[in-house]
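I opened this model to look up its aromatic rings and how they pair. My notes follow in the order I made them.

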Amino acid sequence: MPSAGSVAMTEAISNALADHLRRPDGQEDLCFGLYRPSRGEGRFTALVVDPIFPEDRDRRVHGNVEFQPSYFDRVLQSAVETGMGIAFLHSHPLGVSWQGMSPPDVEAETGMAAAG
């Protein structure tokens, strides 16, 4: 059974996500993506293969960021249709290299897990 997990993606996907998540106005942003599992004898890796960028009205940016249920529904439908998992990415800019999860972060991710 794999004991450690990691995330991998192509350089092109990494660059596209970084371009999206690093907002010039310094606010947080978010994105979902689809991943395929890659398992080895002693590892588990989530290969992010399909970012699903938010469209107009999919999210509200106000310093923090929140997504709308219709965006998550669209991502969930794509995951079901392709048999892939869902990755949730969001940024905490302004020079913060690591930040614990805020209560709204925990609430959002707990709600998503229950829907999946």
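The model is predicted, and side-chain atom pairs count only at pLDDT 80 or more.

Entry 1, the search. I ran it over the whole structure and got 6 aromatic pairs. One of them joins Phe-32 and Phe-67, with 5.2 Å centre to centre and 80 degrees between the planes, an edge-to-face pair. I then looked up where the two rings sit in the chain. Phe-32 belongs to strand 2 (residues 30-40) and Phe-67 to strand 5 (residues 64-67), so the pair links parts of the chain 35 residues apart.

I checked Phe-67 against Phe-72 and found the ring centres 6.2 Å apart. The pair is tilted because its planes meet at 40 degrees, and planes under 30 degrees apart would count as stacked, over 60 as edge-to-face.

I noted one aromatic cluster made of Phe-32, Phe-67, Tyr-71, Phe-72 and Phe-88.

I counted 3 helices and 6 strands, in the order β-α-β-β-β-β-α-β-α along the sequence. Of the 116 residues, 29% are buried. Among contacts with a separation of 6 or more, 61% are between residues 24 or more positions apart. For the accessible surface I have about 7500 Å², with 52% belonging to carbon and sulfur atoms.

Definitions and conventions
Residues are numbered from 1 along each chain as its sequence is written. This is a predicted model: local features need pLDDT of at least 70, side-chain atom pairs count only at pLDDT 80 or more; totals for chains, interfaces and linings use all residues. Side-chain values use heavy atoms; hydrogens and water are left out. Rings of Phe, Tyr and Trp (its six-membered ring) pair if their centres lie within 6.5 Å; planes under 30 degrees apart count as stacked, over 60 as edge-to-face and the rest as tilted. Helices (H or I, at least four residues) and strands (E, at least two) are DSSP runs, numbered from the N terminus. Buried means under 20% relative accessible area, exposed over 50%, partly exposed in between (1.4 Å probe, protein chains only). Contact means heavy atoms within 4.5 Å. Accessible areas come from the Shrake-Rupley method with a 1.4 Å probe; for residues, only the protein chains shown count as cover.
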